[in-house]
Amino acid sequence: MTAAETVAEPDVDDVASAPTDPGPDSVARAHGVAAVLFLVVGVLVYLGAAAKLVEPDFLSGSAALSYGRLLPVSFAALLYGWLGLMAVAAAYYMLPRLTGSRLALPRVALLNLLVVAGGVAAGSVAVGVAGQGAGGRYLELPLWSDAIVGVGFLVAAVVATRTAAAASDRLPTAAWYLVGALWFYAIGYAIGAVPLFDGLGDALQGWFAVTLLAGLAPASAGIGVAYYLLGRVAGEWHPRLGVLAFWSLVFTWPWTAPHYLQYGPAEEWLGTVPVVFALGLLVAVVAVIADLAYAMRGRFEQARRSVPITFVAVGLALFALVPLVLVVQSFRSSSSVVHLTAWGTGFEQLTLLGAFGFLAMAAAYHVLGIGRYWRRNFAGVHLVLAAGGLGIAVLSRWVSGLQAGYTWVAGVNSQAYENVGEGFRNTLRAAEGPDVVNLVGLAIFAVSLLPFLAGLVLNATGEAGEVEGPLEPEGAPTQRLGVVVQGAFLLVVAAALVVFVVPAIDAGDEPSLLAEDSPSRVRTDPLFERGYELYLSEGCWYCHTQQVRPIVTDVGLGPVSVPGDYVDSDGAVLGLERIGPDLAHAGSREPTNSQRLMRAYLADPRDPPGDAVDDVRRPWSTMPAYGHLSDDDLRALAAYVTGLE
Amino acid sequence: MDELLQQAAEAMNAPASMVERSARARAQSEGVSVEDVLRAWAGGGEIVASGGGGDAPAAESTASEPAPEAAAEAEPEEPKGPEVEVVGDADVPADDELEAAEPAEEDEVVDDEELVVAGGVPNWLVAVFIIVPVFAITYALFLPNGPNCGDAGRLAVDPITGEAVGCDGSAYGEGTIDFFAIGEETYASCAACHGANGGGNANFPGFTGGAILATFPTGQCESHVEWVRIGTADWPDPTYGATETPVGSSGALMPGFGNSLTETELRAVVLYERVAFGNADLDAAIEDCGLGAEGETAALGE
């Protein structure tokens, strides 16, 4: 505590006048401001990527502005820059007030902001501009920047834990979630970055990390914010669900990870795990929301006046949908329709921009002190535009996903078309309208940030006290810090062992016959190796899967994938979404088995250069043109795709 | 007492109603008068902390501060540093204590008490916590969502080719193309002008009453397909069909669908019109429109 004691008293009258003073609140607010900047960058880049689905030639011709480079930059900014730093800001601001202590190690904490923000920014530049993207959705940052960001989250978790430990051994409800969230970020980031397995095991490991980083961690931070803000208004706590809610949430969420690979090449039992635990998560989320709702009974008038609490209410309403959507994505019957479609992007938007985003915005309003008055800071405009735009975007993704899923089944059942080549046009036709609607929704969401920023600039007075009431309601349960941290750690490790370590070991490293024959899977030739690197760094895997599932939807795509197909590949090649057709056996089909045609097609799918390439001209395709790649790179990428036999 | 309450509320920076409730609870638990508690909280004196009381720790810590600082428009939840006194065990007060603390001034609270069982968890939630996990395990293990062939779209895998096949090992859905159904679905884009039942509409010709087969008789399906493919604008001849109808004579334009429909859809929708509205024989029309065994390959191999 020596560092904390040397710090000057927090400037009560005018904190904003001394932003460089490492007083406890200025550390939290600096994190909050950085988080909001990342939000703006992330949303704009995400919007740009959505625009490319509607108009593939928009801003084309430059590698850094291609779809596969924009998407990872937006993920890094939104997931780690915005939600991650806002979680840290909320923890730094709220934990001292909850426990009656001071922020531990404030100078380290302030310096650490540079580490996390710098790591995310530098990693994004490396991925977006230099093309160093590593495979794995949400885990694209290269290993060196992973190390920086990972250490940053670890330091943040340690600072939060020391802050919580300084005053008392017993923590109130909000503090469990805030401390827990930072540990989930640290653990999830470590799991996501450390390369332990290849192929299927890598994919399972990546999805487990994502379940923490894009699920449990930001959710915990958001719930912590909700408990803090609502707890101040509630006055007293009625049902004692808090302990049950926290532990059931931590227990169930990590186990839902394998839903990302439902019907995939892993063992059959692994597909049953997310079915059970998505239903379990439903219980946890009901408990969280019931606990908060019961506490608020009869006090809605006070809550309505508060900007942050209104955002909390919208965030919790969206959060209530999360387990329901996870159930749809986990059950085999519904997964066989919606999995690998735009439906998954709807879940991404519902969680990252919606549920967690609104809870983080509530934290931003409170921590940055811009939520005092509805009228002065345009928060009402922000709320309406953000909620409306998000709703439009998410619904468009779900409609698009259902249409694509049923289109695939219809093609197989009628045998009228295959879901590759010309036949894939049916899928794109189904996506056309919803893609425009999605762009409109996201644009409205992006516009909603203007009143948010205006409020930030005009009203950053440092007066955060718009939520009246005591810091902790009567009757709220407490738990020991050690129990919370160690218990959460053990539960996550237990889940990790079952849902990715055991199946990864089980998958083994024995190549399948296919993996021994296919030049793109063996890659002894450097041409194929270069093509494989480009497949990962240019983000081909965002729109193309390489997994054939043993279900009706995938009939006609070739042999069903087995773990041995991936032994020499990154888990990312399995993919998550089919905006374009599956490529697992692209080299066994006409015309994608011709390197010459493939090279021309990659250069410009809508108008391939060269002679006699009319066979592959697809004016209706939404694939990006890769004409900006060098001839050697185009040749390598074409070799890789045609070598996927 | 109201004035005292206001002072205390101001000192604690908390709503008066909440301060009053807390004060009542404290008075009850310590056997002193409510006024005494409020006076102490308003800054007038020390209060004795009790281990298991029902007070919010924050309320207590704020109360031990001198009033003016907290009231001076400062951030009310500024951490109070080492002075803060955190109640060791802030467990939920027993139900009877809660009831005593709140003499039924809010109706909702009374309703709560009726809903809530011992332990503070409402009955319906207890039911949810039992039913959902039981359902989860039952569903996963027994209901038709399992990993067996035939469940939830699941197919078998041919051990030789590795392809997904039907549960009996035969190729999936062999020879079962329902062109009529494809055509019926595709016809949705024609129905706006020609009517859902093919009856026509204003200037747009109808297909019923023998009209369709009069224009494109049996054996001339190809000509029908070409008409739908090309439309009026680019039609090479002045007339179309066996009736030699002048192009554009109906007063309406027929768009060409060659770019928006696949070859299969084009032929299937023509098939649908001839069978559904012209009463043509389905099997004969399939051959006629190039969708039979040989023609099928041509249409699908586009």
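In chain B, the loop between β3 (239-240) and β4 (245-246) contains B:E244; strands (E, at least two residues) and helices (H or I, at least four) are DSSP runs, numbered from the N terminus. Phi of B:E244 is positive, about 50°, although the residue is not a glycine. Most residues other than glycine have a negative phi, and most peptide bonds are trans. B:E244 is exposed, with 10 other C-beta atoms within 10 Å; a residue counts as exposed if 12 or fewer other C-beta atoms, placed from the backbone, lie within 10 Å of its own, as buried if 20 or more do, and as partly exposed in between. The model is predicted, and local features need pLDDT of at least 70, side-chain atom pairs count only at pLDDT 80 or more, and totals for chains, interfaces and linings use all residues. Residues are numbered from 1 along each chain as its sequence is written, while chains are lettered from A and ligands numbered from 1 in the order in which they are written.

A positive phi, near 45°, is also found at A:L105, a residue other than glycine. A:L105 belongs to the loop between α3 and α4 (106-128) of chain A and is buried, with 21 other C-beta atoms within 10 Å. Elsewhere in chain A, the peptide bond from A:E590 to A:P591 is cis, with omega near -10°. The loop between α20 (526-537) and α21 (595-603) holds A:P591.

Helix α3(A) packs against helix α6 (residues 173-193) of chain A, their axes coming within 9 Å and crossing at roughly 145°; axes are lines fitted to C-alpha atoms over the stretch in contact, and angles run from 0 to 180 degrees between N-to-C directions. Among the residues making this contact are A:A87, A:A91 and A:L95 of α3(A) and A:L178, A:A181 and A:Y185 of α6(A), two residues being in contact if their C-beta atoms, placed from the backbone, lie within 7 Å. Leaving aside its neighbours within four places in sequence, A:A91 is in contact with A:A160, A:L178, A:V179, A:A181 and A:L182.
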